[in-house]
Amino acid sequence: MTQPPGYGPPPGYPPPPGYFRPPPAPVSPAGVPLADFGTRLGAYVIDGLLLGAVNLVFLLPAVILLISHVAATAPDTGPDGDPGRFFATAFLPLLALEAGALVFGLALSYLYAVEVMHRWGQTLGKRILKIQVVPLDPSLRLTRSMAVKRWATEFLPGTFVPFYGLLDGLWQLWDRPFQQTLHDKAAQTVVVKVSA
């Protein structure tokens, strides 16, 4: 019995010259297929949109209050205006708002990326796209400590170091054999596909 070209040799025969056998799909140490880059990126985008929306809901009223405060108390900015008064009434509140937004954003990302991940092994984006974070060692369960290491390695440097987040996310493209990001490596985790 002959097979159409491209479907491989008949059972028991070696492949013909030039036959390309696709490499096996990468798997975790437990033998579960690893999540691919596109799926992980999609989950990251969903989670980013969710965190951004929550940030906006809480920070928008603060921005509106700041604008109304500055508009009501801003001094004359002409050549005779008092720069010290402008600094106190506009610049300092703006710095306070930015510091508050930074602290709030980090706290929110901690709650989401650590507590949600620790409880379910998935954020909402990962759940929608059917992927899950698991320990590299199949005999272990995902601990809060692992989730904290993932968060601290992903979000803290990413907040202060330019292009770190890009490097961290792209790292999985050349990492072998488990396609880990830098935060996966720090926490000794991998991201796998889930069937349900």
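## Salt bridges

A salt bridge here is a side-chain nitrogen of Lys or Arg within 4 Å of a carboxyl oxygen of Asp or Glu. In this predicted model, a search of the whole structure finds four of them.

One joins glutamate 115 to arginine 144, with the closest N and O atoms 2.9 Å apart. The pair links distant parts of the chain, 29 residues apart: glutamate 115 belongs to helix H2 (residues 83-120) and arginine 144 to helix H4 (residues 144-160). Glutamate 115 is buried, at 16% relative accessibility, whereas arginine 144 is partly exposed, at 36%.

Arginine 150 pairs with aspartate 184, the closest N and O atoms being 2.2 Å apart.

Lysine 185 meets aspartate 175 in another salt bridge, at 2.7 Å from N to O. Aspartate 175 sits in the loop between H5 (164-170) and H6, and lysine 185 in H6. The aspartate is buried at 6%; lysine 185 is partly exposed at 30%. Shared partners join Arg40, Arg150 and Asp184 into one salt-bridge network.

## Helix H1

H1 has 37 residues and spans 50 Å between its first and last C-alpha, close to the expected 54 Å. Aspartate 36 caps its N-terminal end, a side-chain oxygen lying 3.1 Å from the backbone nitrogen of glycine 38. The helix bends by about 35° at leucine 59, and proline 61 follows within four residues.

Its buried residues include Arg40, Asp47 and Leu66. Leu56, Leu60, Val63, Ile64 and Ile67 form a nonpolar surface patch with about 450 Å² of accessible area together.

How values were computed: Residues are numbered from 1 along each chain as its sequence is written. This is a predicted model: local features need pLDDT of at least 70, side-chain atom pairs count only at pLDDT 80 or more; totals for chains, interfaces and linings use all residues. Side-chain values use heavy atoms; hydrogens and water are left out. Patches are made of residues with over 30% relative accessible area and no salt bridge: like charges are joined within 9 Å, nonpolar side chains (Val, Leu, Ile, Met, Phe, Trp, Tyr) within 5 Å. Accessible areas come from the Shrake-Rupley method with a 1.4 Å probe; for residues, only the protein chains shown count as cover. Helices (H or I, at least four residues) and strands (E, at least two) are DSSP runs, numbered from the N terminus. The expected span of a helix is 1.5 Å times one less than its number of residues. The bend at a residue is the angle between axes fitted to the seven residues ending there and the seven starting there. Buried means under 20% relative accessible area, exposed over 50%, partly exposed in between (1.4 Å probe, protein chains only). A polar contact is a pair of N or O atoms within 3.5 Å; within protein, one must be able to donate a hydrogen and the other to accept it, and residues adjacent in sequence count only if both atoms are side-chain atoms.
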